[in-house]
Every structure is written in C-alpha cells, then in structure tokens.
Amino acid sequence: MVTLDRLVNVLGGYGARLWYCPVSREVALRDVVMHDAADPRDLRGDVYLAVGADSVAAAVDLAAAAQASVVLVRGSSPDPEAAERAERGGVAVLLVDPDVSWGQLAGVVYGLVLEGRETESGRGPTDLFALADSLADALGSAVTIEDRLSRVLAYSSRQHLADRARLETILGRLVPEPVRELFERRGVFRHLAESDEPLFVEADPEHGLTGRMVVAVRAGRELLGSIWVECDRPLSDARRAVLRDSSRTVGLHLLRSRASADLERQVESDLVIRLVEGTPDAAAVLSRLGLPPGRFRVIALQAHIGDERHAALLLAFERATTGFGWSRPGRSTLFSNTVYTVLPGDDVEAARAWVASIREALPRQVTMLAGIGAGAGSAELPASRLEADECLALHSVRPGTKSAIAYDEAWDDILVQRLRAAAASGRAPARGPITELRRHDNANATSYVATLRAWLEAQGDLAEAAERLNVHPNTIRYRLRKMAEVTELRLDQPAKRLAMIIELAVSEPAP
C-alpha cells in the first residue's frame with residue numbers, strides 16, 4: 001500500500017513539493033486519475049493529475065469533485081483561495097515544477113500507486129504471495145519463489161505435507177546452507193544459470209528434503225530467481241508447461257518490483273548524500289526521508305568477495321535498502337565504494353546490531369567492514385560521516401577486526417591517525433629531543449627512545465617503566481641521565497612531556 005507520505009517523499013526528487021496538506025500523510029492511495037477536458041465522465045481516484053488546469057484553485061476543485069486525497073498541479077505561488085478550497089475539500093496539494101514533463105511524472109505516480117495497490121484480500125495485483133498461491137492451486141503442490149541468492153521472496157499458503165527443508169527455508173527467509181551446498185553439488189544452480197527447462201531434484205531424507213521441481217526466472221538473459229515446487233516425482237508435461245509459463249509471469253513481477261524499488265532507492269540516495277555532505281535544510285530533508293527529528297549516527301560500510309568489490313557492495317546496498325518507509329530504521333546511499341546509512345538514535349549498540357543484521361543477510365563469502373560515527377544532530381551529520389570513514393579506515397591498522405569500529409571507543413586511535421597524516425605531509429617538527437635520541441640510538445645501538453616512552457607512559461614511575469622494559473629501575477635512572485647529555489629533555493615541564501608523548505605516539509607505533 002502506498003501512502004501520501006511515500007508519494008511526497010519520492011516525488012520530491014522529481015520537482016514536486018507539498019504545498020498544503022489538510023489530510024494525514026498516512027492516507028492510503030489506491031487509484032490515479034488524470035484530468036481530461038474532453039472527457040465528460042465523472043472521474044474518481046485518490047491521486048488527481050490536474051494536467052492543463054487553469055489555476056491551483058481550479059485544480060483543487062476538480063480533485064475534490066473526484067474525491068481525491070491529493071492533487072498534482074503546475075504552479076509556484078498559489079493564492080490563499082486555493083488553500084481555503086483545499087481545506088474544505090480535504091485535498092493535499094503538490095506543486096509541480098514547470099520544467100518537469102507530465103509524461104515523466106505520470107509514469108512515476110502510476111508506477112508507485114498501482115504497484116502498491118491492494119485487492120480486497122489485502123494483496124496487490126502484483127503480489128508474489130498471491131501468485132504463489134495461484135500456482136500452488138494449479139499444480140497441487142507447495143510453491144516457493146526465491147531470488148538468485150536463494151532468499152525467499154514469497155511462498156504459497158499450502159503447507160500440507162511440507163518437508164523440513166521447506167519449513168526451515170520459510171522460517172529463515174533463506175535456503176539453509178547445508179541444503180544450498182547439496183544443490184550446488186548436484187549442479188542445480190549451474191542448471192538454473194544455463195537452462196530455462198524445469199529440473200527435478202531428487203529427495204534427500206538426510207537434509208529433510210522431499211523431491212522438487214525448479215525452474216529459472218529470467219528477464220532476457222538475466223537470472224532473477226527461481227520457482228520451487230514440492231513434489232515426490234517429476235511433474236507431468238502439462239504441469240511442466242504451467243510452471244514454465246509461470247516463470248515468465250514471475251519475471252515480469254520481479255522486474256516491476258525492482259523498478260519500483262530502484263526508483264525509491266535513487267530518490268533516497270540523493271537525499272542521504274545531501275545530509276552527509278551538509279545542507280542548510282537538513283531538517284526538511286530528514287522529514288522527506290520519513291525520519292523523526294533527534295539524534296543520528298552515520299554508518300559506513302564496505303564489502304568485497306576476494307578481490308571483487310562491486311558485486312558485494314551492491315548486495316550490501318540492496319540489503320540496507322530492502323523494505324521502504326517505516327519498515328526499516330535507516331536511510332542509505334551508495335557513494336563511490338561505500339554504503340552510508342543515516343540511522344536514528346544515539347545508542348552505539350543499536351548501530352552495531354543493525355550492522356550485524358546486514359552482515360548476517362549477506363552470503364558467507366562476503367567480507368564486510370563497518371565504521372560507526374558518533375551521535376549527531378541533523379546539522380552534525382557531515383562530521384559523523386567523517387568519523388564513520390575514519391573508523392572504517394582503522395580496519396587497515398587493526399587487521400582481523402571483523403566487528404564494527406565505533407568512534408566512541410576509537411576516538412584516540414583516530415586522533416593519532418590524524419596526527420600521523422599531518423606528520424606524513426611534513427607538518428610535524430623535523431627536529432627536537434625525540435629526533436636527537438633516535439639519531440643517537442641508530443648510531444650507538446642504545447635504547448633511549450624506548451626508555452623515554454616507557455617512562456612517559458608510566459608517568460614517571462621508575463618501577464613500572466623498568467617492568468615494561470624488563471630492566472632494573474637503576475638502569476632507567478642511568479639512561480635518563482645519559483639522555484640529558486644528548487639533548488635537552490626538560491622532563492619537569494608538563495607541556496614538554498605532553499608534546500613528546502604525542503610525537504612518540506605518531507612516529508613510534510606502540511609495540
């Protein structure tokens with residue numbers, strides 16, 4: 001079902017803005033009608049496209065007569081009379097930019113509204129569950145529709161004699177890994193990639209699997225998914241033909257569904273980029289994305305399978321944007337080689353749980369790294385994005401770290417990384433006590449730099465510094481006296497000690 005709120009959010013990226021709204025933004029939209037001055041029939045519909053209307057006020061009257069909840073009309077500065085008429089008629093007004101063609105806008109509106117329209121049974125005309133039920137009735141067997149990664153898209157309500165593998169697949173929304181491996185060994189996936197003919201898969205009691213007929217679902221040559229029919233023996237020729245024909249119907253449904261999703265993903269992606277790059281109207285952009293005001297965290301994700309990065313990254317983005325509106329917490333964009341998500345809330349553990357949910361939904365061969373920025377208000381999202389990027393970069397200096405790195409615990413490492421970047425660009429002092437001691441160590445095989453670091457980190461405690469270096473405290477005293485002969489340390493001055501600690505952290509990574 002499409003709501004007014006979803007329509008407003010999507011059309012915002014196509015040059016239409018909500019000007020007046022006397023109705024709830026949660027009102028359901030099921031029908032679209034277009035104004036035609038040459039058609040005398042009474043029109044009825046929830047969305048009214050006022051093509052050729054003389055004014056905003058006239059468009060509102062036409063929409064009210066059609067019992068519409070929202071009208072789209074060209075205009076920039078409507079008069080107060082139009083607002084009064086909209087209030088009386090209960091019609092929300094969306095103003096369309098004059099540069100946007102009605103043809104383009106109508107295609108978007110019809111695609112959104114009709115794709116989400118529901119029937120009396122509560123299912124839309126393109127609903128895959130309804131299609132799975134119809135196919136199950138025609139074949140007399142339980143049906144499952146899956147995408148190309150074996151994720152469940154829909155299944156029939158017929159559960160009579162359902163085997164264990166089917167029940168586990170439906171409960172987990174994904175074919176269990178042992179069953180996937182079984183299909184892989186038997187060449188099922190290779191057959192789906194190469195052939196449009198239905199294939200019978202023999203039963204395997206060890207995996208709780210009765211027999212299956214499976215057929216590929218394609219759009220042209222592209223494999224979109226598959227249809228699975230539970231059966232203990234191959235289907236008859238007539239039923240094979242039904243299954244084959246149904247695969248083409250399912251392919252059209254998947255294409256329409258993907259087109260609708262891609263449309264919203266593009267609009268969402270553009271708005272999220274504005275937020276993480278910085279925009280003066282951040283509050284308005286958040287509203288268009290359906291996010292409540294408050295605190296947020298920016299999460300940065302990167303993913304790859306071996307040396308191949310593009311496919312895994314697209315899978316991560318698809319997973320992050322699966323489900324629209326209120327069905328998922330964050331809003332995401334794919335920018336360069338990183339997925340950025342603006343996640344509501346200040347709780348770092350909630351952010352980690354969201355990252356974990358994405359990781360669990362990806363194939364096991366995908367390696368995913370994540371960085372979590374600090375909590376931020378709407379105007380601070382660019383800073384949170386930078387922190388997320390820096391946390392993500394820390395994975396390169398923390399090899400083997402699989403969990404998401406959050407700024408809250410890693411700010412000190414990030415500060416040191418920033419200082420190292422400054423030093424690498426030549427903005428750190430090239431001379432001073434540390435440089436002199438390092439030169440002496442290299443020339444005389446002494447350990448003055450390591451000794452100074454141990455003493456500073458122990459905050460002047462000789463016993464602790466000696467324990468760190470596994471030497472006697474008197475050795476530390478002796479080395480400090482000899483260091484004072486090489487360079488002027490001034491260890492009694494706090495500012496000097498702080499500066500040396502920073503330089504050592506930047507130039508000498510901790511052992």
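Tutor: We shall go from the chain as a whole to a cavity and then to aromatic pairs. Please keep in mind that this is a predicted model.

Student: How many helices and strands are there in the chain?

Tutor: The chain has 19 helices and 17 strands. Of its 511 residues, 45% count as buried.

Student: What percentage of the contacts between residues at least 6 apart in sequence join residues at least 24 apart?

Tutor: In this chain the figure is 57%.

Student: How does one look for empty space inside a model?

Tutor: Rolling a probe the size of a water molecule over the atoms shows where empty space is left. Here, the structure holds one cavity of 30 Å³ or more. About 130 Å³ of space lies in the largest cavity.

Student: Which residues lie closest to the centre of the largest cavity?

Tutor: Of the 14 lining residues, the closest to the centre are Glu146, Arg166, Thr169, Arg212 and Trp228. Two or more lining residues come from each of these elements: strand 8 (143-147), helix 6 (164-172), helix 7 (177-185) and strand 12 (222-230).

Student: How many residues of that lining are nonpolar, polar and charged?

Tutor: The lining of the largest cavity divides into eight nonpolar, two polar and four charged residues.

Student: Let us turn to the aromatic rings. Why does the pair of phenylalanine 129 and tyrosine 155 count as edge-to-face?

Tutor: Planes over 60 degrees apart count as edge-to-face. The planes of phenylalanine 129 and tyrosine 155 stand at 75 degrees, with ring centres 5.3 Å apart, so this pair is edge-to-face. The pair links distant parts of the chain, 26 residues apart: phenylalanine 129 belongs to helix 5 (residues 128-139) and tyrosine 155 to strand 9 (residues 152-155).

Student: What relative accessibility do these two residues have?

Tutor: Phenylalanine 129 has 21% relative accessibility and counts as partly exposed. Tyrosine 155, at 23%, also counts as partly exposed.

Student: How many aromatic pairs does the structure hold?

Tutor: There are four aromatic pairs. One of them joins phenylalanine 183 and phenylalanine 189, edge-to-face, at 6.2 Å centre to centre and 80 degrees between the planes.

Student: Are phenylalanine 183 and phenylalanine 189 buried or exposed?

Tutor: Both phenylalanine 183 and phenylalanine 189 are buried. Ring pairs also link Phe183 and Phe189 with Trp228 into a cluster.

Notes: Residues numbered from 1 in each chain as written. Predicted model: local features only at pLDDT ≥ 70, side-chain atom pairs only at ≥ 80, totals over all residues. Heavy atoms only, no water. Helix = DSSP H or I, 4+ residues; strand = E, 2+ residues; numbered from the N terminus. Buried < 20%, exposed > 50% of the residue type's maximum accessible area, 1.4 Å probe, protein only. Contact = heavy atoms within 4.5 Å. 1 Å grid on protein atoms, 1.4 Å probe; cavity = no way out; pocket = protein on both sides within 12 Å on 5 of 7 lines; lining within 4 Å. Points joined across faces, edges and corners; volume = space filled by probe spheres on them. Nonpolar A, V, L, I, M, F, W, Y, C, P; charged D, E, K, R; others polar. Phe/Tyr/Trp six-rings, centres within 6.5 Å; stacked < 30°, edge-to-face > 60°.
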